[in-house]
Amino acid sequence: ETETKLCGACSNELPKDAFSKKQWQQKQQRRCKSCVDSNRDIDTSTSAAAAAAAASVKSSAQTSNSSNANASNANANANSKQKQKQALKQKQKQSQKILKKKQTQKQKQKSVRTGRWTTEERNAFLRGLKEHGKGKWSKIAQDIPSR
């Protein structure tokens, strides 16, 4: 089915190719190519009548659909509120995880020693190296809590 629009000057329903691109995109007062070429102005009496008829059709369609729209809007609002609650819970969980991670990092920073290693730390390191192997630094570090 070919889409047609009303020319405001000659009041004819015409297909897309009868209008320029700019005129086709006009929402209300458009003129076909022949009316533009002949410099014919838009007839305000016919375009006003056409607009009134379109508004009448639109309002009757809105009235019949309003009860369905109200029901679907209520469902949409309920779903929207539920999604907002879920999103808020997720954000709260993420915030708690981040806070806990920062607290853990601060605790580790306070308990970590710097400087020369003690004999006990050195021996613990060597034991961890033998037990876990070279390159397993996180496992070895667990054997040396002060570092």
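**Backbone, helix and rings**

Student: In which loop does Asn39 lie?

Tutor: Helices (H or I, at least four residues) and strands (E, at least two) are DSSP runs, numbered from the N terminus. With elements named in that way, Asn39 is placed in the loop between helix H2 (33–37) and H3.

Student: What can be said about the source of this model, and which helix has the highest mean pLDDT?

Tutor: This is a predicted model, in which local features need pLDDT of at least 70 and side-chain atom pairs count only at pLDDT 80 or more, while totals for chains, interfaces and linings use all residues. Residues are numbered from 1 along each chain as its sequence is written, and side-chain values use heavy atoms, with hydrogens and water left out. The pLDDT is the predictor's confidence in each residue, from 0 to 100. Among the elements of the protein chain, helix H3 (residues 44–111) has the lowest mean, 68, and the highest, 92, belongs to helix H4 (residues 119–132).

Student: What is the phi of Asn39, and is this residue buried or exposed?

Tutor: Most residues other than glycine have a negative phi. Buried means under 20% relative accessible area, exposed over 50%, and partly exposed in between (1.4 Å probe, protein chains only). Because its relative accessible area is 59%, Asn39 is exposed.

Student: Which residues of H4 are buried, and against which helix do they pack?

Tutor: The buried residues in H4 are Glu121, Ala124 and Gly128. They cover an arc of only 60° around the axis (taken from the directions from the helix axis to the C-beta atoms), so they are on the same side of H4. The face turned away from that buried side carries the exposed residues Thr119, Arg122, Arg127 and Lys130. The buried residues pack, by contacts (heavy atoms within 4.5 Å), against helix H5 (137–142).

Student: How are the rings of Phe125 and Trp137 arranged, stacked or edge-to-face?

Tutor: Rings of Phe, Tyr and Trp (its six-membered ring) pair if their centres lie within 6.5 Å, and planes under 30 degrees apart count as stacked, over 60 as edge-to-face and the rest as tilted. The rings of Phe125 and Trp137 have centres 6.4 Å apart and planes at 10°, so this pair is stacked.

Student: Over which ring does the charged end of Lys5 sit?

Tutor: A charge sits over a ring if NZ of Lys or CZ of Arg is within 6 Å of the ring centre and within 35 degrees of the ring normal. The charged end of Lys5 is 4.4 Å from the centre of the ring it sits over, that of Trp24.
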